[in-house]
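Me: I have a two-chain model open and want to go through it. Can you take my questions as they come?

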Amino acid sequence: MISIKTPLTKEAIRNLKAGDEVLLSGVILTARDAAHKRIYDLIKRGKRIPLNLKDAVIYYCGPTPPMPGRAIGSCGPTTSSRMDAFTPEIINLGIGGMIGKGDRSEEVKRAIKRHKCVYFLATGGIGALLSTKVKSARPILFKELGAEAVYKLDVRDFPLIVGIDSNGKDVYDTAGWKKK
Amino acid sequence: MREINVSKIKDAVTELCLKANFELRRDVLKALKSSIKNETSARAKNILKSIIENAVLAKKKHIAICQDTGAVFVYLAIGQDAALVGGDLANAIDDGVEEAYRKGCLRKSIVKGPFIRDNTGTNTPAFVVTDIAKGDKVKIAVSPKGFGSENKSAIKMFRPTASVEEIKEFILDVVKGAGPDACPPFILGIGIGGTFDKSAYLAKTALLRPIDEPSPSRHIAKLERELVKDINSLKLGPMGLGGRTTVLGVNISEAPTHIAGLPVAVNVSCHATRSAEKVL
């Protein structure tokens with residue numbers, strides 16, 4: 001088990017290999033379909049992105065609202081491939097990593113390799129358990145999107161598996177089944 | 001006629017939405033526990049253990065099992081001797097959903113339309129199907145269905161002369177297409193026969209049946225067993241990271257169909273397949 005902290009610098013990422021188990025601590029930013037589309041549209045229109053994404057970690061997640069007294073509700077990953085069309089442009093902004101579940105496109109894999117970032121897998125469908133790793137959460141952008149807003153999460157020992165490492169190696173390629 | 005006030009239906013829908021989102025089904029939990037013993041890799045075992053740990057925590061602390069608290073599918077079997085009184089049934093169901101999603105701090109995931117994607121803010125409307133049944137009781141089943149797996153579902157209209165092997169190949173292709181994205185180990189609801197829409201209805205309602213309860217029809221039960229074996233041979237494993245558990249259960253429902261066709265619908269569901277039911 002490897003413990004790493006955000007921001008995810010190139011040095012921190014370099015030694016991570018596909019399949020490694022990682023505990024991540026620090027700040028991560030949630031963004032799913034609607035937030036990706038908005039950020040992508042801003043990029044395409046040449047507008048300023050109201051978010052510093054340098055070495056940031058983006059988490060594909062739309063949490064449930066917190067019960068009183070808790071930081072966050074259930075907060076597992078959503079399917080990453082729905083973000084694939086937007087991801088190369090987001091990677092261009094200098095992010096350090098992404099967290100989601102499932103397969104990525106070849107374009108995303110090439111962008112990861114080119115920019116030396118990393119794609120982490122979180123286990124899907126265990127959002128209650130993952131909520132215990134989140135110390136605080138607050139919406140910081142696109143608040144009107146509700147669960148789809150960008151939330152700043154402070155996490156401690158968030159359990160992940162390296163899905164695609166900075167050399168473009170994909171854990172699913174060695175998982176023992178053939179991709180369709 | 002036995003009168004049932006729709007406010008009772010509303011209360012039942014609220015209760016069942018909360019129960020389904022916080023308590024993993026007994027049959028699903030049982031299948032997860034026994035699948036650990038079949039796995040050989042530490043990674044597959046650990047993922048299954050964390051899924052079970054999550055279920056225990058969700059039930060104890062009333063935190064949703066999964067943040068995708070779903071589109072709410074409501075199945076009603078209304079006895080023909082029951083009279084629903086005291087208001088509008090569709091409103092009562094939606095009021096029940098709204099109350100559960102507010103009180104339970106569940107995620108509101110429904111938007112107004114496919115193009116006007118404003119959140120309705122209440123997780124309504126619910127997606128309701130009704131059957132007319134014998135007697136004077138109303139059976140209500142509620143299933144909050146996540147869309148990671150819903151997105152991987154498929155229908156194919158086969159030739160009436162298609163072989164069972166061709167149908168199996170299609171189902172295996174749907175599972176391969178779902179891959180690691182849809183949170184394996186899966187539960188599959190499969191509808192065979194009927195019409196285009198009926199096959200989807202059969203697939204969806206098949207997911208409500210406990211996975212340790214085979215089809216009462218012997219040839220369908222045999223097909224269910226064969227598919228479990230074939231799908232697990234794919235070695236996709238928990239979360240697609242390899243292993244022997246790709247599917248926890250396959251439930252098939254069949255129906256009469258037309259001489260010219262053989263519809264097959266596959267409703268993919270994740271390891272957090274949720275539902276709860278009661279009879280009023």
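Predicted model: local features only at pLDDT ≥ 70, side-chain atom pairs only at ≥ 80, totals over all residues.

Me: Start with chain A. How many helices and strands does chain A have?

Reply: Chain A has 5 helices and 7 strands. Read from the N terminus, its elements go β-α-β-α-β-α-β-α-β-α-β-β.

Me: What percentage of chain A is buried?

Reply: Of the 180 residues in chain A, 49% are buried. As for contacts in chain A with a separation of 6 or more, 63% join residues 24 or more positions apart.

Me: Now one residue. Where is Ile2(A) found?

Reply: Ile2(A) lies in strand S1 of chain A, residues 2-5.

Me: Is Ile2(A) buried, exposed or partly exposed?

Reply: Ile2(A) has 14 other C-beta atoms within 10 Å, so it counts as partly exposed.

Me: Over to chain B. How many helices and strands does chain B have?

Reply: Chain B has 8 helices and 10 strands. Its radius of gyration is 19 Å, close to the 19 Å from the globule rule for 280 residues, so chain B is as compact as a globular protein of that length. Its C-alpha atoms fill a box of roughly 55 × 50 × 40 Å, taken along the principal axes.

Me: And what are the buried and contact percentages for chain B?

Reply: Buried residues are 47% of the 280 residues in chain B. Of its contacts with a separation of 6 or more, 81% are between residues 24 or more positions apart.

Me: Which residues of H7(B) are buried?

Reply: In H7(B), residues 196-206, the buried ones are Ser199(B), Ala200(B), Leu202(B), Ala203(B), Lys204(B), Thr205(B) and Ala206(B).

Me: What covers the buried residues of H7(B)?

Reply: The cover includes strands S2 (71-79), S6 (154-158), S7 (186-194), S8 (247-257) and S9 (262-269) of chain B.

Me: Staying in chain B, at what angle do H6(B) and H8(B) pack?

Reply: H6(B) and H8(B), the latter residues 218-232, pack at about 45 degrees with their axes 11 Å apart. The two helices are therefore oblique to each other, and H6(B) passes H8(B) in a right-handed crossing.

Me: Which residues make the contact?

Reply: H6(B) contributes Val164(B), Lys168(B), Ile171(B), Leu172(B) and Val175(B), while H8(B) contributes Leu223(B), Leu227(B), Asp230(B) and Ile231(B). By class, the residues of this contact are 7 nonpolar, no polar and 2 charged.

Me: Last topic, the interface. How many residues of chain B are in contact with chain A?

Reply: 37 residues of chain B are in contact with 33 residues of chain A. On the side of chain B that touches chain A, helix H3 (42-61) and helix H6 (164-178) of chain B each supply at least two residues. The largest share, 7 residues, comes from H3(B).

Me: And how does that side of chain B divide by class?

Reply: The side of chain B that touches chain A has 18 nonpolar, 13 polar and 6 charged residues.

Terms used. Residues numbered from 1 in each chain as written. Chains lettered and ligands numbered in written order. Buried ≥ 20, exposed ≤ 12 C-beta atoms within 10 Å, placed from the backbone. Helix = DSSP H or I, 4+ residues; strand = E, 2+ residues; numbered from the N terminus. Contact = placed C-beta atoms within 7 Å. Nonpolar A, V, L, I, M, F, W, Y, C, P; charged D, E, K, R; others polar. Rg over C-alpha atoms; globule rule 2.2 N^0.38 Å. Axes fitted to C-alpha atoms, helices over the stretch in contact; angles between N-to-C directions. Parallel < 35°, antiparallel > 145°, perpendicular 65-115°, else oblique. Left-handed = near helix turned anticlockwise from the far one by under 90°.
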